[in-house]
Amino acid sequence: MDKEEQLHSGSRLASASVIAAGCMWGSMGIWVRKCTEAGLDSMQILALRVSVTAVVMAVFLSIYNRELLKIRWKDLWCFLGTGVCSIVFFGYCYNRTIVLASLSVAAILLYTAPIFVMIMSRFLFKEMLSAKKIAALMMAFAGCICVTGILGGSSSVSTAGILTGLGSGFGYALYSIFSRFALERNYHPFTITLYTFACAFAATLFLADWQPVLSFVTESPGNFLYGIGYGVITTVLPYILYTFGLSYVDNSRASIMATVEPVVATLIGVFWFKEKMTAINAVGVLLVLCALVILGRKEE
């Protein structure tokens, strides 16, 4: 296998990793519903997620390779960017939008993220805005609109709801940007994931009421294992896969590929929670899948 073929093979593996990450994020509703039923609010659920991730990654790297625990303090801003500016800011804005607007509106505003990524990557990393990327972005965004079902309803959104929704999309986009800076400084995806969530965990110490979280995980062995599963499946694995994907796939393509998340969430709603899928939802699923096919084609 020559060098070009190796690069293409690595690119395909990276693309599959990004899509797998989006699928895992799409399963989040399954995990969040139990936490919500237990009485945890949005910030407490976020606190549980980031704390489990930080602890699991720290233990794993202590066993796997302690060299990956090391960072240069001058690069701490990269991890404050991925952890606080992205994970915490995005989480707060998204949860706030859910309160101020419908779930469909919140989801659509969240998926303005690829637009922010594409614009910022053009100026920060000199990524080209190819016709294929723009077409795939438009197709994926249209698909997200259809998947959320917003076209079938009539809802008015306050200015505050729009601003926090756009804030969630911007915060979501910042992960791709700051993690790219970390990758360019030769940090391993495992290291980036650990310090991203260590910084996010530190922020939630001041932002969340931890008593209900501790009560939930210590109530029974089942809840404890559930909390670990929630952190590993919706955070540890997908963020490692997504960050690995950024090693080969540029920010713009990766962020569009991740729009598979609302598709998976919709399918889980239909087959797991017996929610109805309309014709417009099905069209949305097909549009997102077509966008992924376009992006997966080898450049000429």
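## Lining of the largest cavity

In this predicted model, helix α8 gives the largest share of the lining of the largest cavity, namely 4 residues. Three helices, α6 (113–124), α8 (159–184) and α11 (221–245), each contribute at least two residues to that lining. The residues that line the largest cavity are Trp 25, Ala 113, Val 117, Tyr 172, Ala 173, Tyr 175, Ser 176, Tyr 239, Tyr 242, Ser 255 and Ala 258, and by class they divide into 9 nonpolar and 2 polar residues, with no charged residue present.

Rolling a probe the size of a water molecule over the atoms shows where empty space is left.

## Overall fold

The protein chain contains 14 helices and 0 strands, so that, by the DSSP runs used to assign elements, its order from the N terminus on is α-α-α-α-α-α-α-α-α-α-α-α-α-α. Of the 300 residues in the protein chain, 50% are buried. Among contacts in the protein chain with a separation of 6 or more, 88% are accounted for by residues 24 or more positions apart.

## Helix α6 and the residue that follows

Helix α6, which supplies at least two residues of the lining of the largest cavity, has 12 residues and reaches 16 Å from its first C-alpha to its last, close to the 16 Å expected at 1.5 Å a residue. The buried residues of α6 are Ala 113, Pro 114, Val 117, Met 118, Met 120 and Ser 121; of the residues in that helix, Ala 113 and Val 117 are also listed in the lining of the largest cavity. An α-helix has 3.6 residues a turn, so residues three or four places apart point the same way.

Just after α6, Lys 126 takes a positive phi of about 60 degrees. Most residues other than glycine have a negative phi.

Ile 134 is placed in helix α7 (residues 131–148) and has a relative accessible area of 35%, which is why it is classed as partly exposed rather than buried. When neighbours within four places in sequence are left aside, Ile 134 is in contact with Met 118 and Leu 129, and Met 118 is one of the buried residues of α6.

Asp 250 is found in the loop between α11 and α12 (251–257), and because its relative accessibility is 22%, Asp 250 counts as partly exposed. Not counting residues up to four places away in sequence, Asp 250 touches Glu 127, Lys 133 and Arg 180. The C-alpha atoms of Asp 250 and Met 118 are separated by 9.6 Å, although the two residues are 132 residues apart along the chain.

## Ser 11 in helix α1

Ser 11 lies in helix α1 (residues 3–26), and with a relative accessible area of 17% Ser 11 is buried, because buried means under 20%. Leaving out residues up to four places away in sequence, Ser 11 touches Tyr 248, Val 249 and Arg 253. The C-alpha atoms of Ser 11 and Leu 246 are 9.5 Å apart in space, while the two residues are 235 residues apart in sequence.

## Cysteines and disulfides

A disulfide is a covalent bond between the sulfur atoms of two cysteines. A search of the whole structure finds 0 disulfides. Cys 78 has a relative accessible area of 0% and is therefore buried, and Cys 93, at 6% relative accessibility, likewise counts as buried. Cys 35, together with Met 28, Ile 30 and Trp 31, is buried in helix α2 (residues 28–37).

## Positive phi elsewhere

Just after α2, Gly 39 takes a positive phi of about 100 degrees. Asn 186, a residue other than glycine, has a positive phi near 65 degrees. Asn 186 is located in the loop between α8 and α9 (189–207), and because its relative accessibility is 72%, Asn 186 counts as exposed.

Notes: Residues numbered from 1 in each chain as written. Predicted model: local features only at pLDDT ≥ 70, side-chain atom pairs only at ≥ 80, totals over all residues. Heavy atoms only, no water. 1 Å grid on protein atoms, 1.4 Å probe; cavity = no way out; pocket = protein on both sides within 12 Å on 5 of 7 lines; lining within 4 Å. Nonpolar A, V, L, I, M, F, W, Y, C, P; charged D, E, K, R; others polar. Buried < 20%, exposed > 50% of the residue type's maximum accessible area, 1.4 Å probe, protein only. Contact = heavy atoms within 4.5 Å. Expected span 1.5 Å × (residues − 1). Disulfide = S-S within 2.5 Å.
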